[in-house]
Amino acid sequence: MKKILFASALAILTISCKENEARNAPAVENAVDNAESSVSGSLKSYRKGDMVDQIYYELIKNDKALKALDNRIIEINEESRKVLSVYGETLQKSESFYLDAHNQAASIKDSLLKQQLEKEIKISSDQYHLKISEVKELIAKVNANNDNVSNLYTAFKIRKTLPEIEKYQKAHPLKTDSLESFINKQNQLLNELKNLK
């Protein structure tokens with residue numbers, strides 16, 4: 001008796017799963033269904049599993065203007081990294097020098113010599129910081145512009161993909177009939193199991 005009930009429960013589950021697969025088949029082609037099946041996208045910030053990016057890069061495949069925009073974003077990001085790295089390296093070396101010079105001067109036992117060196121280091125450091133103040137302002141502007149580009153592009157991608165997810169939702173309506181039917185089958189089986197002795 002238990003084997004028969006187990007076999008019938010297994011059969012019910014198998015049939016229900018097949019019914020759900022048939023009901024959940026995509027009704028129309030859309031970027032969301034295609035995004036799940038392909039991993040595309042060229043932007044380095046593309047995150048695998050991020051639905052916004054996956055859908056957006058499906059849209060890019062068929063839109064030359066979007067692809068051109070994406071390429072420009074990639075190019076400006078790469079150029080920004082290169083430009084900032086050149087300045088960053090020079091600034092880092094100078095900052096490291098003044099820090100090391102200050103630390104070494106601090107180890108000098110002769111207090112008069114130590115004071116003279118610390119004064120010379122400070123004068124040089126102050127002159128250097130005065131010289132690079134405009135450079136630092138411009139670097140801050142480049143970083144602010146990078147943030148603005150990133151924020152606006154993210155907002156654009158979200159706005160561009162919202163209609164696609166809405167299309168997907170319309171093509172895959174979540175009706176309750178198959179769930180209710182399956183719950184009824186489960187309840188029948190539960191009742192049978194409860195009555196077993």
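Trainee: In which helix is the place of asparagine 145?

Mentor: Asparagine 145 sits in helix H6 (helices are DSSP runs of H or I with at least four residues, numbered from the N terminus). This is a predicted model, so local features need pLDDT of at least 70 and side-chain atom pairs 80 or more, while totals for chains, interfaces and linings use all residues. Residues are numbered from 1 along each chain as its sequence is written, and side-chain values use heavy atoms, leaving out hydrogens and water.

Trainee: At what angle do H3 and H6 pack?

Mentor: Axes are lines fitted to C-alpha atoms, for helices over the stretch in contact, and angles between N-to-C directions run from 0 to 180 degrees. H3 and H6 (residues 133-171) pack at about 80 degrees, with axes 9 Å apart. H3 is therefore roughly perpendicular to H6 (65 to 115 degrees; under 35 is roughly parallel, over 145 roughly antiparallel, the rest oblique).

Trainee: Which residues of H3 and H6 meet?

Mentor: Contact means heavy atoms within 4.5 Å. Among those meeting are Val52, Ile55 and Tyr56 in H3, and Tyr153, Phe156 and Ile165 in H6.

Trainee: How do H3 and H4 cross?

Mentor: The axes of H3 (residues 51-61) and H4 (residues 64-106) come within 6 Å and cross at roughly 120 degrees, so the two helices are oblique to each other. Tyr56, Tyr57, Leu59 and Ile60 of H3 touch Leu66, Lys67, Leu69 and Asp70 of H4.
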